[in-house]
Amino acid sequence: MLRRASLTAGSVLGIAAALIATTHIATVHGADAPPLRIAVLNDQSSVYADFQGIGSVIAAQMAVEDFGGKTAGRPIEVLSADHQMKADVGAAIARRWIDNDNVQLILDVPNSSVALAVNEVTRAANKVLIGSGAGTSLLTGEKCTPNTIHWTYDTWALAHGVAKAVVEQGGKKWFFITSDYAFGHDLEKQASDVVKANGGQVLGAVRHPLGTSDFASFILQAQASGADVIGLATPGGDLSNLVKQANEFGLSKTHRLVGLIFALNNVEAVGLANTQGVVALNATYWDLNDATRAWSKRFQERHPRKNMPNDQQMGVYSAVLHYLKAVQKLNGNADDGSKVVATMKDTPTDDPLFGQGLIRVDGRKIHQNYILRTKSVTASKGPWDYFDVIATVPASESFRPLGEGNCPLVK
């Protein structure tokens with residue numbers, strides 16, 4: 001039996017609105033078998049809307065089409081909904097999809113608080129969760145389940161890839177401006193541990209509400225901290241606004257700003273001139289090779305704002321393809337989510353956006369990562385040409401060692 005949390009009147013209205021807004025995006029009908037339903041759950045109206053939003057839905061749709069629209073004779077339907085950045089709303093949508101719509105897979109789920117709530121729903125119902133937009137490394141740590149796979153990135157990978165590089169380049173004294181929820185807390189902790197382990201110091205931190213519009217007080221605390229590096233443990237649209245306001249205060253002229261989760265969309269929002277020299281870690285990049293460029297141009301043609309995809313949206317495509325391969329191996333039977341996940345783990349991953357990889361017993365999808373640096377304005381050839389790849393992190397070093405996460409599935 002699923003345990004249902006008590007809800008306030010406001011959250012009940014939010015849940016009702018979100019359920020009404022749930023839409024079928026990509027449907028391939030057939031009379032020979034019942035449809036296989038998969039669903040993208042993310043933010044479509046707030047700080048993550050450009051970073052996942054409709055782009056992740058398009059990516060899932062493209063994967064279904066590229067797979068042929070069916071798996072083992074079952075037509076595939078893609079649903080989507082906006083979780084409104086609320087854990088209770090996300091969990092309620094997930095339950096409704098599973099109980100009423102026979103959804104077998106829930107995808108993306110940015111906002112770690114929502115992802116952890118949905119993680120429990122899919123475990124209890126024996127369905128599948130694949131997080132691409134979700135960041136918390138708890139999903140492959142203490143909160144790992146036989147039903148969950150963590151695709152694309154996590155807080156451990158971001159912190160160890162970026163913070164370590166900055167400390168090695170001389171950035172020793174750190175202060176953090178952190179988003180005050182599960183993802184931000186986790187990212188700050190992971191980066192702090194890396195800074196200290198490599199001989200640096202953490203002088204303090206300040207936390208801001210998700211979706212805040214005025215960062216002045218937080219920036220002033222960072223300026224007064226005595227740090228030379230300001231770690232921005234803040235994602236999505238909040239990071240873009242924070243960087244804009246930090247530039248207005250002149251913080252970037254006196255301190256090194258390090259966006260611990262920095263993506264293509266941040267550069268687009270802030271402007272290349274205001275993000276010079278920023279170093280970031282991404283799991284893949286649209287301009288990485290011929291295959292990523294070809295796929296990304298297809299994606300851009302379909303996107304309502306003609307955006308190029310980021311690595312998290314590309315991760316949705318990759319994840320859906322691998323999930324459908326597993327269901328195909330099981331002759332279309334997707335009802336037992338843990339069995340589908342076990343089949344996914346037994347099968348090496350291979351797709352044009354991430355190349356070859358694997359899924360570990362703890363649910364962590366393993367692949368190499370890339371260290372990117374923003375281009376100079378003169379080096380950029382035009383819109384979306386924002387990064388140079390300056391280093392590759394081998395797959396064996398990209399994610400937390402298996403024995404360090406305290407995942408109960410690891411013996």
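Tutor: We begin with confidence: pLDDT is the predictor's confidence in each residue, from 0 to 100, and the protein has a mean of 91, with 92% of its residues at 70 or more. Over residues 1-17 the pLDDT is below 50, and this stretch has 19 contacts (heavy atoms within 4.5 Å) beyond near neighbours in sequence. Residues 23-31 also have a pLDDT below 50, with 23 such contacts in the model. Where pLDDT is low, the predicted coordinates should not be read in detail. This is a predicted model in which local features need pLDDT of at least 70 and side-chain atom pairs count only at pLDDT 80 or more, while totals for chains, interfaces and linings use all residues. Residues are numbered from 1 along each chain as its sequence is written, and side-chain values use heavy atoms, with hydrogens and water left out.

Student: What makes the protein as compact as a globular protein of its length?

Tutor: The secondary structure comes to 14 helices and 17 strands; helices (H or I, at least four residues) and strands (E, at least two) are DSSP runs, numbered from the N terminus. The radius of gyration, taken over C-alpha atoms, is set against the globule rule, 2.2 Å times the number of residues to the power 0.38. For 411 residues the rule gives 22 Å, and the protein has 20 Å, which is close, so it is as compact as a globular protein of that length. Along the principal axes, the C-alpha atoms fill a box of roughly 65 × 50 × 45 Å.

Student: Why is threonine 71 called buried?

Tutor: Buried means under 20% relative accessible area, exposed over 50%, and partly exposed in between (1.4 Å probe, protein chains only). Threonine 71 has 0% relative accessibility and therefore counts as buried. Neighbours within four places in sequence aside, threonine 71 is in contact with Leu36, Ile76, Leu324, Val327, Gln328 and Gly332. Buried residues make up 59% of the 411 residues in the protein.

Student: Is valine 389 buried, exposed or partly exposed, and how do you know?

Tutor: Its relative accessible area is 39%, so valine 389 is partly exposed. Valine 389 lies in strand β17 and touches Leu288, Tyr370, Ile371 and Leu372, residues up to four places away in sequence not being counted.

Student: How do you know that strand β4 is largely enclosed by the rest of the structure?

Tutor: Nine of the nine residues of β4 (residues 74-82) are buried, so the strand is largely enclosed. Both faces are covered: Arg74, Ile76, Val78, Ser80 and Asp82 are buried on one side, and Pro75, Glu77, Leu79 and Ala81 on the other.

Student: What makes β13 and β15 edge strands?

Tutor: The open sheet has the order β13-β14-β15, with antiparallel pairing. β13 (349-351) and β15 (365-366) each have a single partner strand, so one side of each is left without a neighbour in the sheet. Strand β14 (residues 355-359) pairs with β15 over two bridges, and isoleucine 359 stands opposite lysine 365.

Student: What does the same test give for helix α8?

Tutor: The 13 residues of α8 (residues 236-248) should span 18 Å; the end C-alpha atoms are 19 Å apart, so the values agree. Just after α8, glycine 250 takes a positive phi of about 75 degrees.

Definitions and conventions:
Pairing = 2+ DSSP bridges. Expected span 1.5 Å × (residues − 1).
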